[in-house]
Amino acid sequence: MNNCIPIIPTQNCEPVKSYKPGSPERKEAISEYNKLMKKVVDIPMFINGKNVKSNKTKYIYPPHNHKHIVGKYYEGNKNHIMNAIDSALKAKKEWASMDFAARASIFLKAAELLRGPFRQKINAATMIGQSKNIFQAEIDASCELIDFLNFNVKFANEIYQKQPESSKGIWNKMEYRPLEGFVFAITPFNFTSIAANLCFAPALMGNTIVWKPSDSQIYSTKVIIELLKEAGLPDGVINVIYTDPVMTSNIVFKHRDFAGVHFTGSTKVFKDIWKTIGNNIQLYKNYPRIVGETGGKDFILAHNSADIKEVTTALIRGAFEYQGQKCSAASRAYIPSSLWKRIKNELIKELKTICVGDPEDFSNFMNAVIHEQSFDKLSKVIKKVKKNKSAEIIFGGEVDKSVGYFVQPTVIVTKKANFFTMEEELFGPILTIFIYQDKNFDKTLKLIDETSEYGLTGAVFAKNRKIINESLKYLQMSAGNFYVNDKPTGAVVSQQPFGGGRSSGTNDKAGSHLNLLRWVSPRTIKENFLPDKNYRYPFLEK
Ligand code: NAD
């Protein structure tokens with residue numbers, strides 16, 4: 001549609017439904033959950049708009065019920081990777097030249113479908129496949145993904161409108177071309193919305209995608225594929241493969257047309273990817289874009305002017321929601337000695353009320369950790385801490401994998417500010433607390449800044465404004481998302497653009513225009529309405 005400059009529909013963030021007893025959304029969610037638990041969903045790959053099967057199948061089990069099969073997916077080989085790349089390259093020309101309004105309509109339609117008929121499908125799939133309670137599924141798979149879809153369109157429109165100055169007789173333009181080649185999306189298990197957005201954001205800007213999801217998120221990937229089909233995404237724009245990550249990287253990162261990687265996952269994997277791309281730089285037609293959001297060791301700092309209940313609530317929600325498996329999860333806290341006794345009593349009193357179990361039971365605040373590997377790693381950490389004299393487990397520490405991978409919320413108190421659980425990302429429901437002397441507040445700021453390699457999220461709790469200002473200043477580089485009197489998790493698209501520096505990633509801020517800018521290669525066009533007809537400038541005159 002050429003002869004019109006459309007106005008993008010206005011958007012607000014998607015309201016989070018309550019799921020309180022008796023609500024219609026609660027009934028729908030439970031019914032969808034139960035329906036899915038009775039099925040074994042068949043999950044082929046998705047290449048060039050077609051369902052693709054292989055002769056190698058793998059079963060999917062909910063982390064909270066690991067003997068119960070809910071899905072079967074098909075693992076791909078080298079040919080599937082090559083086919084996905086070829087399909088993305090083939091679809092590129094038509095997709096990139098499609099009007100922005102037409103591309104945008106597909107994503108806006110997907111947002112509406114998610115708001116309506118797909119909402120409980122994607123929530124239930126996320127609850128089952130990734131072991132999230134209904135609230136965690138709703139804020140991730142529904143609300144955050146709806147917001148990504150809607151706001152990316154708004155931000156892309158703003159980018160396209162940003163045009164250079166022109167002068168007399170000259171019209172300058174900036175054309176925001178997609179990257180030349182294909183984009184590779186490598187996505188994590190913990191957020192359905194992040195996984196989808198790592199494909200959607202570059203696709204909206206006219207790129208075509210090869211997507212390799214985490215093995216532990218394939219169950220909800222299936223719903224995303226159905227959503228894309230229903231929204232009318234042309235064949236080949238997003239191609240989904242379930243292949244071995246190393247084999248896939250070996251092929252993709254050697255391809256001449258590899259244009260960029262959109263990654264979210266652990267720091268080590270991202271650093272290896274960066275190294276591989278660097279080593280292969282001579283092979284590529286362009287310098288590939290490398291965008292990656294990775295690990296965190298996120299902190300809560302309480303000052304002695306803070307409110308005890310507010311700090312305790314932030315510690316519990318920040319550290320234990322989704323079993324501490326958010327990159328932004330609070331995993332180290334700094335509490336002043338004058339408040340410690342009262343915070344400890346309040347924390348233990350509240351933690352005793354938390355139930356851990358199956359997401360089908362809505363009284364469970366926490367569910368299972370993602371897989372056996374993670375369960376075993378966390379169990380080992382707890383065992384190691386129990387033997388260490390520098391730390392004490394003051395709550396939790398029990399684990400049980402007989403039915404599901406359940407780890408109780410665990411609180412460690414340490415006297416060593418650089419105790420290993422204060423430094424390393426564990427990615428589970430383990431919070432370590434260091435108690436500082438009130439008079440050492442400034443020293444504690446330095447400790448926080450220097451204790452881990454990460455710089456993702458952090459929070460300060462204080463009523464004293466001078467203290468808030470000092471913390472903001474001193475911890476300027478310690479967190480890409482900084483919270484004042486709020487927990488360090490739960491960033492909302494368009495409100496708190498997300499990402500961090502240091503070993504936490506390239507800080508390209510998902511949920512803002514900054515991320516979309518990484519997926520374009522602008523072309524500047526100068527048009528001269530009255531070109532000169534004589535090469536001689538006036539200074540050459542005799
Ligand atoms: P992961 O690094 O194990 O896996 C992420 C993806 O990388 C998966 O698709 C996996 O198959 C793939 N992968 C694994 N090894 C690979 C290799 N050698 N080459 C290429 N690809 C490879 O991470 P995960 O367990 O799925 O997710 C948890 C991690 O993600 C945590 O570290 C967390 O902090 C991080 N995370 C960060 C953010 C953020 O915005 N900063 C958001 C979510 C998760």
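**Helix packing and sheet arrangement in the predicted model**

Helix α3 (residues 100-115) packs against helix α6 (residues 192-204) at an angle of about 160°, and the two axes lie 10 Å apart; these values, like those that follow, derive from a predicted model. Because angles over 145 degrees count as roughly antiparallel, α3 and α6 are assigned to that class relative to each other. The crossing in which α3 passes α6 is left-handed. On the α3 side, the contact is made by Phe100, Arg103, Ala104 and Phe107, and α6 contributes Phe200, Ala203 and Leu204. By residue class, this contact of α3 with α6 comprises six nonpolar residues, one charged and no polar.

An open sheet is formed by three strands in the order β1-β5-β4, with mixed pairing. Strands β1 and β5 (residues 71-74) run parallel and are joined by three bridges; Asp42 has Lys72 in β5 as its bridge partner. Helix α7 (residues 218-231) lies across β1, β4 and β5, and runs at about 80° to β1.

The loop between α1 (24-37) and β1 (41-43) contains Lys38. With a relative accessible area of 72%, Lys38 is exposed, the threshold for this class being over 50%. A distance of 42 Å separates the C-alpha atom of Lys38 from that of Ala259, the two residues being 221 residues apart along the chain.

Definitions and conventions
Residues numbered from 1 in each chain as written. Predicted model: local features only at pLDDT ≥ 70, side-chain atom pairs only at ≥ 80, totals over all residues. Heavy atoms only, no water. Axes fitted to C-alpha atoms, helices over the stretch in contact; angles between N-to-C directions. Helix = DSSP H or I, 4+ residues; strand = E, 2+ residues; numbered from the N terminus. Parallel < 35°, antiparallel > 145°, perpendicular 65-115°, else oblique. Left-handed = near helix turned anticlockwise from the far one by under 90°. Contact = heavy atoms within 4.5 Å. Nonpolar A, V, L, I, M, F, W, Y, C, P; charged D, E, K, R; others polar. Buried < 20%, exposed > 50% of the residue type's maximum accessible area, 1.4 Å probe, protein only. Pairing = 2+ DSSP bridges.
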